[in-house]
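Subject: Structure handover, cavities and pockets

Hi,

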Amino acid sequence: MRQLVFIVLGVLFGVVMYKAEAASWFRIYEMFNFQSFHMYGFMGSALAVGIVGVQWMKRSAKNVDGERVAVAPKQKSITRYLVGGIFFGLGWALVGACPGPMFVLLGAGVLPMLIVIVSALFGTFIYGVLKDKLPH
Amino acid sequence: MLIPNGANVTKVTEEIKCTDYICANMKYFLHMEWIYNAWPWYVGGPLVALIMLALIYLGKSFGFSSNFRTMCAMAGAGKSCSFFDFDWRTQRWNLLFLLGSIVGGYVSVHYLSDNQVPAISTETIAQLKSMNFESAGATFVPTEIYGDMSLSNVLLLIVGGLLIGFGTRYAGGCTSGHAISGLSDLQLPSLIAVIGFFIGGLLMVHGLFPLIF
């Protein structure tokens, strides 16, 4: 049953990313040119709801298993986030899709996304191999 | 059809009018028009946040790029590399979410829109046309990149994928894990990552695009 909930949430996510155009190469390009408020409004309103929701849940809500709500704290570092982030940002602006929208667009019939997905898997594999040699 | 007198004709037309009227109202009440149009940011953004909150409520976290690591593990990368040596079945829920997102893309195109074209700014369109992007303002994704699989386009997509796959894992997350989840939890590492995303994106669009296109 809970498996089905994850699928339904995924479908909703896919629909939102497509219908609100966060999965469009053009919207990403426009955002990096500061020529529209659309993507900033999208992220800003997501954060407004997200911050209030997460803080409220952490203080006074329990999750479905009756446990206290916790978001795993991320490891303290600057290098990995900044350098890794720059790598990701370069790719994001180039193909106009972050990991979620890649799959949304594949479903939408943009079949060349398969090339991006396969090479992203390979990029992840390269990170796994080089992990211990990279500054974190 | 034989209609015996004038009164019945009026009745028939009234019935048709009435049906049309109900139809129009049902459409209005079901907000179908609203669904078919592009969704504004103030609908999309909060909905994504609610999806993240639902995942937290279910004891999970919103992070899409982890799926790449999981898929590497599924393919057996754990045999040669310890980073992928974990039980991928614990991440099954995220793979189901991924599966759903593919279905979501399909449903959006086939049932919830009629050739949706993002209404990007006229400034952006003019700028793209000067770079020979004729599909600007006419398609959802540029046909100049996704339309034909020329060698240069295939190369572009491969390079982009590699950067995203490597970068997200190095940074420990993508737009969902850092920009939405991490920032909602007010985590400093996520802010650094998002600043990185923007440095990379600005570098690509303003520094490298003039050389590529």
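Below is what turned up, starting with the cavity and moving on to the pockets.

First, a caution: this is a predicted model.

**Cavity**
The count gives one cavity of 30 Å³ or more. The largest cavity holds about 160 Å³ of space. It is lined by 18 residues, and closest to its centre are A:Met17, A:Cys98, B:Thr175, B:Ser176 and B:Ile180. Chain A contributes helices H1 (2–19), H3 (38–60) and H5 (99–107), and chain B contributes helix H9 (175–184); each supplies at least two lining residues. The lining of this cavity has 15 nonpolar residues, three polar ones and no charged ones.

**Largest pocket**
This one has about 800 Å³ of space. Its lining counts 42 residues, with A:Ala72, A:Lys74, B:Ser61, B:Ser66 and B:Gly172 closest to the centre. Helices giving at least two residues each include H4 (79–95) of chain A, and H3 (41–57) and H8 (151–171) of chain B. H9(B) provides the largest share, four residues. By class, the lining splits into 17 nonpolar, 17 polar and eight charged residues.

**Second largest pocket**
The volume here is about 210 Å³. Of the 14 lining residues, A:Tyr18, A:Val110, B:Thr139, B:Phe140 and B:Val141 lie nearest the centre. The lining has eight nonpolar and six polar residues, with no charged ones.

Best wishes

Technical notes:
Residues are numbered from 1 along each chain as its sequence is written. Chains are lettered from A and ligands numbered from 1 in the order in which they are written. This is a predicted model: local features need pLDDT of at least 70, side-chain atom pairs count only at pLDDT 80 or more; totals for chains, interfaces and linings use all residues. Side-chain values use heavy atoms; hydrogens and water are left out. On a 1 Å grid over the protein atoms alone, a cavity is a set of points where a 1.4 Å probe fits but cannot get out, and a pocket is an open set with protein on both sides within 12 Å along at least five of seven lines; lining residues have an atom within 4 Å of a point. Grid points are joined across faces, edges and corners, and a volume is the space filled by probe spheres set on the points. Ala, Val, Leu, Ile, Met, Phe, Trp, Tyr, Cys and Pro count as nonpolar, Asp, Glu, Lys and Arg as charged, and the others, Gly among them, as polar.
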